[in-house]
There are 4 protein chains.
Amino acid sequence: MEIASLQSALGQYFAPWVQALDLRVLAADGDGVQVLLPQQAQLARIGGMVCGQAMMAAADTCMVLALMQHWGEFKPCTTVQLNSSFLKPLAGQDGRVHARVIRVGKTLAFGEIDIQGAQDGRSVCRASTTYALL
Amino acid sequence: MEIASLQSALGQYFAPWVQALDLRVLAADGDGVQVLLPQQAQLARIGGMVCGQAMMAAADTCMVLALMQHWGEFKPCTTVQLNSSFLKPLAGQDGRVHARVIRVGKTLAFGEIDIQGAQDGRSVCRASTTYALL
Amino acid sequence: MEIASLQSALGQYFAPWVQALDLRVLAADGDGVQVLLPQQAQLARIGGMVCGQAMMAAADTCMVLALMQHWGEFKPCTTVQLNSSFLKPLAGQDGRVHARVIRVGKTLAFGEIDIQGAQDGRSVCRASTTYALL
Amino acid sequence: MEIASLQSALGQYFAPWVQALDLRVLAADGDGVQVLLPQQAQLARIGGMVCGQAMMAAADTCMVLALMQHWGEFKPCTTVQLNSSFLKPLAGQDGRVHARVIRVGKTLAFGEIDIQGAQDGRSVCRASTTYALL
């Protein structure tokens, strides 16, 4: 799918509170989908670090885009599991979220997400997720 | 801690985007902390279901309050892991989030969270989490 | 199901390597299934602690019994996810594994497992798991 | 570290029940450690599939070797969390386990494990794990 279509899906299929993350689709190809998670004061805890809640939400959301990219269209699916590990703080820079589809079966799909600092390229959060196909 | 102190902590230690969840502390005792996650259009996906991203954010946030309740004060800590399972949709009712501290060691704390429909009392999301104490 | 039937299932549906755990069904009722994980030198790391690998294997195995108990019979299912947290070492005592079915849907089942020291009753391992029903 | 040293560590630091997996170190370099999980009747469920319990145990064990490889020596550490996803059955072939260290901090280390069929190279199990450094 084209980047513009995925960007438009962000405004169509997600809750307004998720849209407030202001995610921007950067790339979409055979290796998954990448979105920018811009730093903004709304997402910052004391100390200026991006809150973990925003990273989990960005991971889940980016994965839905990666499944759309895999299928070439939006299909209804629901998150069954999302496991997140927080490796180090994300502060003073945007985040770059990369979601990859690992396997799509008949009833389940598996994916993995890596969030890196957009400047230093270091992983700050890694997540794995399972989706049920409806 | 008193409910009012925990409610006030929600406005003090968390990002504005997390505060937009409008969580309300319902109970705080030896069995952990319970907060209400009010249904609101901002959190709803198409179909009126509360988005999973909001449930993960509420789980993580409520757990921080449960750790405060455990210690009797706020102490800096950071989420290392949060694993969430989504059992069924939450729609047409508020959510009731219950966070319990399972174990607090010297450097790590473990907790579990159950989110139920506030009306029907059925579990919609279960999460387990690990925190590093700083 | 009766305890004897579940004990017999342990010898019937599981790999010999899993049977070497020597699990013994202690209870099976509306609150799930409990099995004993006897301490034995084969399962011990240096220092006499029961290895985490044995606890994960016991958790997964006990959950299959809990699903049998739920259904009243063995049905084919496959583990999709198993998340384990290790709270403290298990040493110098048997383990008591308690598996509870949290929700059974059409295609997925969710469960949670608690492993406690059989003597001191303290949790050493907590796990959550998702099964696909075939 | 040399492959022979890691192979010898398998016989030194792990429980006999884990040694029965008969893991064989295949590679150890900057990209982590790879071990072979040979198919054997002891590990097979009905239908000839390698049981998930063996894959989780192999994942955890291989990760300890990857941390040794990272440090150049054995250091005491303990598994805090291990999350496993089972993508498809492993049957009729050996497994190839690849453990990578993702990040090592002062008190915590993070890793990821991929288990593939040794013949077809397809992922059957993916795991992520957190270790506490003692």
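Leaving aside neighbours within four places in sequence, which residues is Ala59(A) in contact with? The legends below describe close-up views of a predicted model, and the opening view gives the answer.

**View 1. Ala59(A) and its contacts.** Apart from its neighbours within four places in sequence, Ala59(A) is in contact with Leu82(A), Ser84(A), Val97(A), Ile113(A), Ile115(A), Cys125(A) and Ala127(A). The largest nonpolar core has 188 residues. Within this core, the members that touch the most other members are Ala59(A), Ala59(B), Ala59(C) and Ala59(D).

**View 2. The contact between chain A and chain B.** Chain A brings 29 residues to this contact, and chain B also brings 29 residues. On the side of chain A that touches chain B, at least two residues come from each of helix H2 (16–19), helix H3 (52–71) and strand S3 (77–86) of chain A. S3(A) gives the most to this side, with nine residues. By class, the side of chain A that touches chain B has 17 nonpolar, ten polar and two charged residues.

**View 3. Strand S3 of chain A beside strand S3 of chain B.** S3(A) and S3(B), the latter made of residues 77–86, run antiparallel and are joined by five bridges. Leu82(A) has Ser84(B) as its bridge partner in S3(B).

**View 4. Strand S6 of chain B and the strands that pair with it.** S6(B) covers residues 123–133 and is mostly covered, with nine of its eleven residues buried. Nine bridges link S6(B) to S3(B), and these two strands run antiparallel. In this pairing, Asn83(B) has Ser128(B) as its bridge partner in S6(B). S6(B) is also joined by nine bridges to strand S5 (residues 108–117) of chain B, again in an antiparallel arrangement. Here the bridge partner of Gly111(B) in S6(B) is Thr129(B).

**View 5. The hairpin of S5(B) and S6(B).** How many residues lie between S5(B) and S6(B) in this hairpin? There are five residues between the two strands. Gly121(B), in the turn, has a positive phi of about 65°.

**View 6. The contact between chain B and chain C.** Ten residues of chain B are in contact here with ten residues of chain C. S3, strand S4 (95–104) and S6 of chain B are the elements that each give two or more residues to the side of chain B that touches chain C. S6(B) supplies the largest share of this side, four residues. The side of chain B that touches chain C divides into three nonpolar, five polar and two charged residues.

Definitions and conventions: Residues are numbered from 1 along each chain as its sequence is written. Chains are lettered from A and ligands numbered from 1 in the order in which they are written. This is a predicted model: local features need pLDDT of at least 70, side-chain atom pairs count only at pLDDT 80 or more; totals for chains, interfaces and linings use all residues. Two residues are in contact if their C-beta atoms, placed from the backbone, lie within 7 Å. Ala, Val, Leu, Ile, Met, Phe, Trp, Tyr, Cys and Pro count as nonpolar, Asp, Glu, Lys and Arg as charged, and the others, Gly among them, as polar. Two strands pair if DSSP finds at least two bridges between them. A nonpolar core is a set of buried Ala, Val, Leu, Ile, Met, Phe, Trp, Tyr and Cys residues joined through C-beta atoms within 7 Å. A residue is buried if 20 or more other C-beta atoms lie within 10 Å of its own, exposed if 12 or fewer, and partly exposed in between; C-beta atoms are placed from the backbone.
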